[in-house]
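This report goes through selected features of one chain, heading by heading. Please keep the sequence and the 3D view open while reading.

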Amino acid sequence: MALSDFDLVLFGGSGDLAMRKLLPAMYARDVANDLPPTARIICVGRADASQEEFLQTVETTSKPLIKSPAVTQSAWQRFTARIVYVSLNATDATSYKPLVEALRKDEAITKVYYLATPPAIFAQICESLKENGLVTPNSRVVLEKPLGRDLASAKQINAEVGKVFEESQIYRIDHYLGKETVQNLLALRFGNILFEPLWRREWISDVQITIAEKLGVGNRLGYYDTSGALRDMLQNHLLQLLCIVAMEPPTSISPDAVRDSKLQVLRSLKRFTPTTLAQNIVRGQYRAGHVDGKAVPSYRDEPDAPAHSRTETFVAMKAEIDTWRWAGVPFYLRTGKRMADGLAEIVVRFKQIPHSIFNQPTNSFQPNSLVIRLQPDEGLRMNLMAKTPGDGMRLKQAELELDFREQFKSPRMEAYERLLLDVLRGQLTLFMRGDELEAAWEWVEPILNSWESEDSYPLPYASGTWGPAAASALIGRDGLQWREEVLPED
């Protein structure tokens, strides 16, 4: 689907997200000839820099991050010719004159306002755009996370932005939903007859969703210490993945059909009580250790970290969905920093065979499982039992593997590339609706309230491990193990 002409306005245009992700993504789409010849990227920042000075910053910051396709001089010149730098104070409506002058007046040209800024100024930016006559039915606004700190702040953001833009114009972005494997999860479930009859409590034992990072907080400590892993990762990324795994088949791939099905999941998540919360959630904070053989400091020894911080850098939990399809099936969610490996994956484990006809006990068989890997290598793996070569009939686990890079030779799009194209096309399927956002916060908020009201600290875990021992005990109580803890057969 060809794009119509557009002006893409990046508020926070000189910030880390714009420089490291958004501009490289737009360069890749320009090289792929997806962008109309006259489309432009207007970067808005507070710095009083000239056009030449800003382009030099793009040259030194964004250009080195572009790995594929290779940067050629002619392609780079064509791309940077699209970029316009505008200096203004985003919270002062009277300073918007340079932006008014930079935007083309033709209302047929799509105007997209990407707010890569702190959410505290979302409302002020939207109101300033309205005051300056820059909001039309053909305008769109993209909201970068974090979308609130709790239910009340999420509702406030929705209400304030909703005074200026219609819900159909609002794109709440979660870059995990732009990953190729997440798209293929939809295709796997609803494009094949094989799995749907088995995608239910009768055949599935449990589901594990993990997003693990080797990195610590880095230069994000100022934000992270007031957020923590629950707000930063679980409330959005992990819950969105859970929704896609657990949703009922939508009536179509249309935005509202898909988002209605995801909303059903969020509303069906069993709420935690004080007792079940203590039993089914583990929070941790990394201590000093070794990652890839390199010594790394404790969270509290990171630069400017509070000496007695109670911020969690790890969360593991057992969640349940109160529906006919999923009643009794545990969903184990886990995320953490300074972990033993950096990966994002979904593991769907099927139930054990009811009876062994072989000269092996049933408990010697590994249950079938489907592993959907989001990163670092995107692909699908199906674990099956197969006969080992040679005499006799002995079974051992084997893997059927689909590597997306090997199977499909066409160039891959990064998550932000796909999501930016969807915004420019007006395609809302991969973006959260306002009621989705609020339902997610409604489920998470009792956990936050409990942690903030109690005097306890997160459990310590050594950097370079898989988190506190209590996380293994959490899943072990159900006779299960996290996937990386399952020992390979001899």
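## Cis peptide bonds

Proline 146 sits in the loop that runs between β5 (139–143) and α6 (151–162), where helices (H or I, at least four residues) and strands (E, at least two) are DSSP runs, numbered from the N terminus. The peptide bond that joins lysine 145 to this proline 146 is cis, with an omega of about 10 degrees. As background, most peptide bonds are trans, and most residues other than glycine have a negative phi.

## Basis of the model

The model is predicted, and local features need a pLDDT of at least 70, side-chain atom pairs count only at pLDDT 80 or more, and totals for chains, interfaces and linings use all residues. Residues are numbered from 1 along each chain as its sequence is written, and side-chain values use heavy atoms, with hydrogens and water left out.

## Domains

The chain is divided into domain 1 (6–144) and domain 2 (177–412 + 433–485), with bounds that come from an automatic or database domain assignment. Between the C-alpha centres of domain 1 and domain 2 there is a distance of 35 Å.

## Positive phi in two loops

Asparagine 33, found in the loop between α1 (16–31) and β2 (40–45), has a positive phi of about 65 degrees although it is not a glycine. With a relative accessible area of 59%, asparagine 33 is exposed; the classes used here are buried for under 20% relative accessible area, exposed for over 50%, and partly exposed in between (1.4 Å probe, protein chains only).

Arginine 338 also has a positive phi, about 55 degrees, without being a glycine, and its place is the loop between β12 (331–336) and β13 (343–350). Arginine 338 counts as buried, at 12% relative accessibility.

## Helix α9

Helix α9 (residues 228–246) contains 19 residues and reaches 26 Å from its first C-alpha to its last, which is close to the 27 Å expected at 1.5 Å a residue; the expected span is 1.5 Å times one less than the number of residues. At leucine 234, α9 bends by about 45 degrees, the bend being the angle between axes fitted to the seven residues ending at a residue and the seven starting there. The helix is mostly covered, with 19 of its 19 residues buried.

## The largest cavity

The count comes to 3 cavities of 30 Å³ or more, where a cavity is a set of points, on a 1 Å grid over the protein atoms alone, at which a 1.4 Å probe fits but cannot get out, and lining residues have an atom within 4 Å of a point. The largest cavity holds about 50 Å³ of space, a volume being the space filled by probe spheres set on the points, with grid points joined across faces, edges and corners.

Lining the largest cavity are Val371, Arg373, Asp377, Glu378, Gly379, Leu380, Arg381, Glu401, Leu402 and Asp403. At least two residues of this lining come from each of β14 (369–375), β15 (379–387) and β16 (395–403). By type, the lining residues divide into 3 nonpolar, 1 polar and 6 charged, where Ala, Val, Leu, Ile, Met, Phe, Trp, Tyr, Cys and Pro count as nonpolar, Asp, Glu, Lys and Arg as charged, and the others, Gly among them, as polar.

## Loop residues and distances

Threonine 273 lies in the loop between α10 (255–268) and α11 (274–280) and is partly exposed, with a relative accessible area of 39%. Threonine 273 and proline 446 are 173 residues apart in sequence and 8.2 Å apart in space, C-alpha to C-alpha.

Phenylalanine 365, in the loop between β13 and β14, counts as buried at 5% relative accessibility. Its C-alpha is 57 Å from that of cysteine 43, and the two residues are 322 residues apart in sequence.

How values were computed. On a 1 Å grid over the protein atoms alone, a cavity is a set of points where a 1.4 Å probe fits but cannot get out, and a pocket is an open set with protein on both sides within 12 Å along at least five of seven lines; lining residues have an atom within 4 Å of a point.
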